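Please keep the sequence and the structure in view while reading.

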Amino acid sequence: MATKEEILESIANMTVMEVSDLIKMMEEKFGVQAAAAAVAVAGGAAAGAEAAAEEPTEFNVTLKSVDAAKKIACIKEVRAVTGLGLKEAKDLCENGGVIKENVSKEEAAGMKEKLEAAGCVVEVKAAN
């Protein structure tokens with residue numbers, strides 16, 4: 001069996017039409033759609049744009065504000081999510097700030113859902 005490097009070198013030596021045919025064959029064999037790969041092969045500039053448009057994998061969860069009527073529930077939920085002590089969680093709820101940094105998309109979405117249910121206004125941004 002050929003190594004990945006040998007396969008990659010073989011593809012690099014193909015013409016655009018040969019690569020296009022190979023992609024079509026792979027789509028049929030594996031039942032997938034490779035439209036982004038075909039665009040990247042057809043134009044070298046498209047590959048750079050595709051890499052820049054890559055979806056982020058890490059997110060920061062920031063507390064913007066708290067519903068005053070639900071402040072205690074918000075503090076409890078902030079403590080549950082962060083593991084902070086009572087005073088630290090209270091300060092975070094009063095002043096806002098970053099709750100957690102560099103978390104997965106799923107974890108950030110889960111935190112946002114729980115915190116908003118408790119009465120918090122939360123913002124999730126891609127980590128830089």
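## Helix α7 and its packing

The buried residues of α7 pack against β1 (59-66), α5 (71-82), β2 and β3 (120-126). These residues are Ala108, Met111, Leu115 and Ala118. They lie on the same side of α7, because the arc they cover around the axis is only 90°; the arc is taken from the directions from the helix axis to the C-beta atoms. Buried stands for under 20% relative accessible area, exposed for over 50% and partly exposed for values in between (1.4 Å probe, protein chains only). Contact, the basis for packing and touching, means heavy atoms within 4.5 Å. On the face turned away from the buried side, α7 carries the exposed residues Glu106, Glu113 and Ala117.

The 14 residues of α7 should span 20 Å at 1.5 Å a residue, and this agrees with its end C-alpha atoms, which are 20 Å apart. The expected span is 1.5 Å times one less than the number of residues in the helix. Gly110 has its place in α7 (residues 105-118) and is partly exposed, with a relative accessible area of 27%. Gly110 is 29 residues from Val81 in sequence, and their C-alpha atoms are 9.8 Å apart in space. After α7 comes Gly119, with a positive phi near 115°.

## Basis of the model

The model is predicted: local features need pLDDT of at least 70 and side-chain atom pairs count only at pLDDT 80 or more, while totals for chains, interfaces and linings use all residues. Residues are numbered from 1 along each chain as its sequence is written, and side-chain values use heavy atoms, with hydrogens and water left out.

## The sheet

Three strands form an open sheet in the order β2-β1-β3, with antiparallel pairing. β2 and β3 stand at the edges with a single partner strand each, so one side of each has no neighbour in the sheet. On average, neighbouring strands of this sheet are turned by 20° against each other, direction ignored. Strands count as paired if DSSP finds at least two bridges between them. Between β1 and β2 the antiparallel pairing runs over four bridges, and Val61 has Lys100 in β2 as its bridge partner.

Helix α5 packs on the sheet, where it touches β1, β2 and β3, and its direction makes about 30° with that of β2. Helix α6 (residues 86-95) also packs on the sheet, touching β1 and β2, with its direction at about 105° to that of β2. Axes are lines fitted to C-alpha atoms, for helices over the stretch in contact, and angles run from 0 to 180 degrees between N-to-C directions.

Gly97 lies in β2 (residues 97-103) and counts as partly exposed at 22% relative accessibility. Leaving out residues up to four places away in sequence, Gly97 touches Val61, Thr62, Leu63 and Leu92.

Asn102 is partly exposed, with a relative accessible area of 44%.

## The chain as a whole

The protein chain has seven helices and three strands, in the order α-α-α-α-β-α-α-β-α-β from the N terminus on. Helices (H or I, at least four residues) and strands (E, at least two) are DSSP runs, numbered from the N terminus. Of the 128 residues in the chain, 20% are buried. Among contacts with a separation of 6 or more, 61% join residues 24 or more positions apart.
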